[in-house]
Amino acid sequence: MFGLKLLSTLCLFGVSVAVNQDFISSAEIDIAACPITYYGLKYNKVYVGFDSNTSTLCFNGQYHSGQKSDCILMSRGSADRGALTTLSRDIPAGSGIHSLVPNLKHAGQCVNVIPLRDEQGSDVKQIELGNFGPQAIVAIKTHSGFVDDNFETQTVVNGKSMVRHVFHTNKTNKGVLTDVSGCRLFGAVYKTNTSVWNADICSTVTCDEFGVATPESTCGPMERCQGNNTCTLDATCTVTASTIIDVIGQLHTVPDRCGYKLMEHVSIPDLEVFGVFQERRRKDVSFLERLVLHLKSSNVDISLEQGGRVKVNDTVLPFNTSEKVVHGVKVSKGPNGLTAEVTASDYAASIHFNGHTAQIRVTGPKVAPVFGLCGNTSTTLAQEKNSGLSESGCETTYTEDADVSINCNDTAEWCNILREQPFSTCNLVVDPQPFISACSSVLCKYPAVDGFNCQFFEAYTRACSMHNVSVEGWKSQIKCAETQAKCQNMYCSEHEFCGEKNNGWEWACLCRAIFASKYRPTNTFGEPTVCEEHTAALTLAGCLLEERGIDYSVLHMNNESCVGQMDNETHMVTFSFDQTNTCGTVVKSNGSKIIYHNTIQTWNSSNFGIISRHDDVHLDFSCHYLQPGVKSLAVRIKDSSVIQELTSGQWRYNLSMIVYTDEARRHALTPDTEVNLDQTIYIELQVDGIDENLLSLVVDSCWATTESSPNSSLKYSIVGTGCPNPVDKSVRVINNGQGLSSYFSFSLFQFTGRTGKIYLHCKTMLCVNQGTSCAPKCNQSSRRRRSAMSNYMDQNPGLITMAWRH
């Protein structure tokens, strides 16, 4: 491929000295003042070394056999030291040197002259590296002191010997040179200004004068060369964020949050692959959230989800090993995500998902159509939508104000890094343009957070690796950190996604934009308080707390032992109290209302030391209930008791009135019990459905009428403002306001000159018994009320009525 040609004069350039460097033994020499492009790669350093037989001049490190070195190897002679002189002068195209090297098309710019000497300082040989822009030549001359009869040289590229020649030293006294211009492609080297057929890659490779190689493959966009001009099916589809790069490199965008068929192949008929999309921080940009592999014959769905979770239908698949076989599908889990493999005959499908990007690859002996949004056939979003994986309203699209922190020009410049090193080594294998377009369109709207600015590069390099092209060191070069590991095994609910917290170093389950839009305008953390019979509950969204840097475990109610309970699936945090555990709830009466009040707050600062990294929390929540309304019910005394249901807000109270013939209240009246005038009866009123730790029942007043209406003009007072009628000595209030039941007694009577039914009406109230007594204060000696407790006085008392007939 290369030859060494005789020169009549070795001095390629003028004598203007730019740089001088001396070295002894092996050395690293800076040639940045005159860099050399050696077979398509530009170098700013050379490494000179000596061993017992060989002198080496390399460009990518000292020479070691078996490594991928770019070197010129020469017979050593007695040389063991040397120097560098850099000369500069333009050599126009068409000069004598150009006539000696026909492929040399560019003007010369400078030369590195490196004489190699022995320990006495005598010149043994001289190497000249000529810079001709994207091309270069090497000239070598031996001196009379060279001890060997023959001079040997090899040109080594990427560890492979390209040209090896042996010359008599009398020839090198006049000088030899070689063209080291060329191209590299997939491990092969090509001479500039040539076109060569390479059966290993099924391509004709053209190497131009700039050292750029361009292959023209006989394989189609869905094929891969297997060598010997043989092409087989190898179709890859990449899905990242809201974009789909199909198997022929076309770009599609998903604008909503529905489920779509991504891939179906005729040679793997049992498999369909679907993608489900959801929003994250913005409502107008969707992201691939999970893949669903549908197996038609068994009607089984295998879901590859965020956090490395796998579901078979609705059951989570435990991963106690790195690999599982489920219904013939091999599923493996590793630090870089989930991979599912399906085979059928000579065809195979590999589906990889790392939580934000999916790559679906189909291989086989013959090319056949791929269907779905990844396919090479014309299709639309509407045709590929899957109703079973699409929530109601998922097709709704949103618009949001532009993010003022985003500069789309800067974004486009960032995304075009895919055309530069180290990515450019793959550009001829995987077209970077659809990845650049996807990157630019999404990042122009969505902020570069959660490592999102790097996921298009990651998707591209993985597509390259599927074609056996490794892009090394790209993360450190463009400063992209590992992000996927931070979400591994972190399960987030349907309304959450794994993202970076505001502190920039922690990752957590954050709220999706549509979910959070219900709460952010009002600056709330969750749902309104739910008040039900005997209980009250406040539910907060764990992701809303995370956004403010609040750990729900540091929150408690008035009673510090009452903490929030997080639901493992929804990540909603619930604080509640009931009648068995009031959690320090404060009950107050306000007119016609009973108010149950509690507070969610952070632990005292002493629990956290001298610093804290979260906001203090003070969330009040309460339930308001109306006192029972006025109702009446008349029955005959022979029924012995009255039970009345009273409704107040969402709570229902059962208020009962029972008549006994004895003070111990062991003998209730029955239909056969005879009751005589002046006989003492005992009336007990009891309420059910109220928390006795918080409330007590107070009998405010009882009176008798001849009519069923409690407002009858003819009435007789038995109990007034909680105390006995001072005129009637038979009346005794035995227990009142000291629990959920109150009772009193009196002697049975009739209205003078009247016969028929007598109606007994009692008005009751609920009293908040925390901190004070609810029992009315009566002066027993005078039987007059001295005072009544104001905390049970309200505007809406309960009223119950019973009747007897004499």
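View 1. The structure holds 19 disulfides, a disulfide being a pair of cysteine sulfur atoms within 2.5 Å. This is a predicted model, in which local features need pLDDT of at least 70 and side-chain atom pairs count only at pLDDT 80 or more, whereas totals for chains, interfaces and linings use all residues. Residues are numbered from 1 along each chain as its sequence is written, and side-chain values use heavy atoms, with hydrogens and water left out. Cys258 and Cys394 are joined by a disulfide with their sulfur atoms 2.0 Å apart, and this link is right-handed, with 105° about the S-S bond. Cys258 lies in the loop between strand 24 and strand 25 (259–265) and Cys394 in the loop between helix 3 (381–384) and helix 4, so the pair ties together parts that are 136 residues apart in sequence; helices (H or I, at least four residues) and strands (E, at least two) are DSSP runs, numbered from the N terminus. Cys258 counts as buried at 0% relative accessibility, and Cys394 counts as buried at 3%, where buried means under 20% relative accessible area, exposed over 50% and partly exposed in between (1.4 Å probe, protein chains only).

**View 2. The disulfide of Cys408 and Cys444.** The sulfur atoms of Cys408 and Cys444 are 1.6 Å apart in this disulfide, and the torsion about their S-S bond is about 85°, so the disulfide is right-handed. The pair links distant parts of the chain, with Cys408 in helix 4 and Cys444 in the loop between helix 5 and helix 6, 36 residues apart. Cys408 is partly exposed, with a relative accessible area of 35%, and Cys444 also counts as partly exposed, at 30% relative accessibility.

**View 3. The disulfide of Cys562 and Cys583.** Cys562 is joined to Cys583 by a disulfide with an S to S distance of 2.1 Å, and with -85° about the S-S bond this link is left-handed. Cys562 lies in the loop between strand 41 (555–556) and strand 42 (565–566), and Cys583 in the loop between strand 43 (572–578) and strand 44 (586–590), so the pair ties together parts that are 21 residues apart in sequence. Cys562 counts as buried at 5% relative accessibility, as does Cys583 at 3%.

View 4. Helix 5 (residues 433–443) is mostly covered, eight of its eleven residues being buried; among them are Phe435, Ile436, Cys439, Val442 and Leu443. What covers the buried residues of this helix includes strand 22 (231–240), strand 23 (243–245), strand 24 (251–253), helix 4 (408–415) and helix 6 (452–465), where contact means heavy atoms within 4.5 Å. In the loop between helix 4 and helix 5 lies Pro422, and the peptide bond from Gln421 to Pro422 is cis, with omega near 5°.

View 5. Strand 16 (residues 182–185) and strand 17 (residues 188–191) run antiparallel and are joined by four bridges, two strands being paired if DSSP finds at least two bridges between them. Leu185 stands opposite Ala188 in strand 17, and in this hairpin, which has two residues between the strands, Phe186 takes a positive phi near 50°. An open sheet of three strands has the order 18-19-20, with antiparallel pairing; strand 18 (194–198) and strand 20 (213–217) are its edge strands, each pairing on one side only. Strand 19 (residues 203–207) is joined to strand 20 by five bridges, and Thr204 stands opposite Glu216 in strand 20.

**View 6. Two loop residues with positive phi.** His327, which is not a glycine, has a positive phi of about 50° and lies in the loop between strand 31 (323–326) and strand 32 (329–334). Asn468, also a residue other than glycine, has a positive phi near 65° and is placed in the loop between helix 6 and helix 7 (474–477). Asn468 counts as exposed, at 66% relative accessibility.

**View 7. Phe746 in the largest nonpolar core.** The largest nonpolar core has 62 residues, and those with the most contacts inside it are Phe746 and Leu760; a nonpolar core is a set of buried Ala, Val, Leu, Ile, Met, Phe, Trp, Tyr and Cys residues joined through side-chain atoms within 4.5 Å. Not counting residues up to four places away in sequence, Phe746 touches residues including Ile681, Ile683, Ile718, Val731, Leu760 and Trp804. Apart from this core lies another, of 44 residues, among them Met222, Val247, Leu338 and Ala344.
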